[in-house]
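Here is a short tour of the structure shown below. Keep the view open while reading, and follow along from one heading to the next.

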Amino acid sequence: MAIEETLVLVKPDGVARGLTGAILARIEAKGYALVDIRLVEPDRDLLAEHYAEHEGKPFYEPLLEFMMSGPSVAIRVAGNRVIEGFRSLAGTTDPTSAAPGTIRGDFGRDWGLAVQQNLVHGSDSPESAQRELGIWFD
Ligand code: DAT
Ligand code: MG
């Protein structure tokens, strides 16, 4: 067993579309535990820290603008290999090609055109998880 914690975000599109409950249900149905949860309206500084690895990329500014367009739900999730497991539940980055059965594949985008409107974030490594949980919860 490798019990881990990860940061999950229901991004502004997911919150605005009323999908928070459906996404939480999938996390719980998989057997993961909700350890902490909060609604956050992140400012630019918080997002710059969270997305530091993407600074300078063409999608960086639109990504930050999108993430400031409304509240996100930040969730501290625990479980066996949950970092990899939630990434698998979420599906690949682009909702158009994300597999059916995944959050991004099933809920996709019914009104957005941009890849950043992909409903959820999940930490991609133990180091990222520790760093990101510190940003959104401390
Ligand atoms: P992920 O969220 O799957 O970990 P990522 O870390 O590579 O993806 O990128 C962070 C977010 O940035 C992603 O959820 C959506 C946005 N993004 C990534 N690549 C993009 C692209 N080519 N065009 C527009 N937005 C992009
Ligand atoms: Mg990422």
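Predicted model: local features only at pLDDT ≥ 70, side-chain atom pairs only at ≥ 80, totals over all residues.

Two residues are in contact here if their C-beta atoms, placed from the backbone, lie within 7 Å. UniProt, in an unreviewed entry, lists His-121 under "active site". Leaving aside residues up to four places away in sequence, His-121 touches Val-8, Leu-9 and Lys-11.

Where does His-121 sit? Its place is in strand S4, which covers residues 120-122. Is His-121 buried or exposed? The cut-off for a buried residue is 20 or more other C-beta atoms within 10 Å; His-121 has 22 such neighbours and therefore counts as buried.

## Around ligand 1

His-121 turns up again in the surroundings of ligand 1. Together with it, the shell holds His-54, Phe-59, Leu-63, Thr-93, Ala-114, Val-115, Gln-116, Asn-118 and Asp-124.

Strand S4 belongs to an open sheet of four strands, ordered S2-S3-S1-S4 with antiparallel pairing. Strand S2 (33-40) and S4 are at the edges; each has a single partner strand, so one side of each has no neighbour in the sheet. From one strand to the next, the twist averages 20°.

Further in, how many bridges join S1 to S3? There are eight, linking S1 (residues 3-10) to S3 (residues 72-80) in antiparallel fashion. On this pairing, Ile-3 has Asn-80 of S3 opposite it.

Most residues other than glycine have a negative phi. Two residues here deserve a look with that in mind.

Arg-81 is not a glycine, yet its phi is positive, near 50°. Arg-81 belongs to the loop between S3 and helix H5 (82-90). Because 13 other C-beta atoms lie within 10 Å, Arg-81 is partly exposed.

Leu-119, also not a glycine, has a positive phi of about 75°. Leu-119 is found in the loop between helix H6 (103-107) and S4. Is Leu-119 buried or exposed? With 28 C-beta neighbours inside 10 Å, Leu-119 counts as buried.

Conventions:
Residues numbered from 1 in each chain as written. Chains lettered and ligands numbered in written order. UniProt positions renumbered as here; feature names shortened; annotations may be inferred. Helix = DSSP H or I, 4+ residues; strand = E, 2+ residues; numbered from the N terminus. Buried ≥ 20, exposed ≤ 12 C-beta atoms within 10 Å, placed from the backbone. Near = placed C-beta within 6 Å. Pairing = 2+ DSSP bridges. Axes fitted to C-alpha atoms, helices over the stretch in contact; angles between N-to-C directions.
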